[in-house]
Amino acid sequence: MNATAPAATARVARIGSIDDLQCLARRRVPKLFYDYVDGGSWSESTYHANEKDLARLCFRQRVARDVDKIDLRRRILGHSCSLPLTLAPTGLAGMVHADGEILAARAAKAAGVPFTLSTVSICSLEDVAKHVGGGFWFQLYVMRDREFVAALIERARAAGCGALVLTLDLPIQGRRHKDVKNGLSVPPRITPASLLAMLSRPAWCARMLGTPRRTFGNIVGHAKGVGGTAAFAEWVSQQFDRTVSWRDVAWVKRQWGGPLVVKGVLDADDARLAVDAGADALVVSNHGGRQLDGAPSSISALPEIVAAVGHRTEVMMDGGVRSGQDILRALALGAHAVSIGRAYLYGLGALGEAGVTRCLAILQDELEATMALCGLAELGAVDRRALIGADVAHSRQAARLASIASAAAPGTQQAVPSNEETAHVW
């Protein structure tokens, strides 16, 4: 054991990027669960736009700027964090790796960044609190059973959660073709195909057999009439609530009483309404491209939302963040912090807790190096000037949108810009 530990540590250290973790996770996680993490809705255009639009933002390289000491710390919802980053809520993390939510929460706590537990996690609120302690965040959906929602909020309070993250972009579930093709359901059903996929990953199977946590710990045994997976499937099908309104957001705020983060905002008007309803922070998000395919990338929606409410609340962003460079790009366009989902799940699937720890270390190293090469020593100095052409592109897009609106007005005849002209600029 002692002889192999240094060798294992050296192997982990050779993992140099999130892409490396992704490749390893693909080999170690059963296909139906890997595809659940790595898939988007419909054509996956929004999923891929999240990454591509970030990559298009070029940095302004600066030299001879004292960057001997770089400070990456940021206060998020009043708490000091080692990085401007949180771990986003992700369903089924405990199926990517046994006890996945506990392992990820432990890695996040050690790294000094917030972890968010999903409502549809495998490990329960109480389980995570028992193994990690309080302070982690909890993500909530407003479901039809408001009594159950109120009970969840109370359980989050009892577990010592530091913030409640209310996800609003799931009145119905987006069509995810990979999940349909793989026969992945909620809860996952054992079929010949899914069993074969699991058996093809023997190490994963061994870990899953060694844990009792294989169902939805926050729901099974807590929601009325949901004592097993069969009843859970029926319950879920009835709980998507298309009637959710800003009144419900205000109700959640009253029930919770603590810091409230509203997640799933892509529109400036919605951002204003969220703050009016009591949001202490927003997450600009398209659900990782897993809901409305054809929606704008998160980074392209960010500047307008920051302009609308950034002076009133903390604006975070998720979607497509795969590197420390992506973190700096989002901060330069006004994000207070970013959230990562797939990036840390790749680490979790690859190496469990050690993989999440390595993911966070990679992002920290890349952010520090990029800041140094951009001549930036502290996060407070990061703004649009860290990027080349960001303001120009934003102004150009505004002009083109105005042109489109003018062309659509009665009695006007103006050429409408082509898709190629208006794509990927903001």
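Here are a few notes on this predicted model.

1. Ground rules. Residues are numbered from 1 along each chain as its sequence is written. Because the model is predicted, local features need pLDDT of at least 70, side-chain atom pairs count only at pLDDT 80 or more, and totals for chains, interfaces and linings use all residues, while side-chain values use heavy atoms, with hydrogens and water left out.

2. Confidence. The protein chain averages a pLDDT (the predictor's confidence in each residue, from 0 to 100) of 90, and 89% of the residues score at least 70. Residues 408-426 have a pLDDT below 50, yet the model gives this stretch 32 contacts (heavy atoms within 4.5 Å) beyond near neighbours in sequence. Where pLDDT is low, the predicted coordinates should not be read in detail.

3. Positive phi at L92 and D99. Most residues other than glycine have a negative phi. L92, though, has a phi near 65°, and D99 has one near 60°. L92 sits in the loop between β3 (85-87) and α5 (93-96), and D99 in the loop between α5 and α6 (100-111); helices (H or I, at least four residues) and strands (E, at least two) are DSSP runs, numbered from the N terminus. L92 is buried, at 3% relative accessible area (buried means under 20%, exposed over 50%, partly exposed in between, with a 1.4 Å probe and protein chains only).

4. A nonpolar surface patch. I190, L195 and L199 make up this one, with about 310 Å² of accessible area together. L195 belongs to helix α10 (residues 192-199) and is partly exposed at 39% relative accessibility. Patch residues have over 30% relative accessible area and no salt bridge, with like charges joined within 9 Å and nonpolar side chains (Val, Leu, Ile, Met, Phe, Trp, Tyr) within 5 Å. Areas come from the Shrake-Rupley method with a 1.4 Å probe, and for residues only the protein chains shown count as cover; a salt bridge is a side-chain nitrogen of Lys or Arg within 4 Å of a carboxyl oxygen of Asp or Glu.
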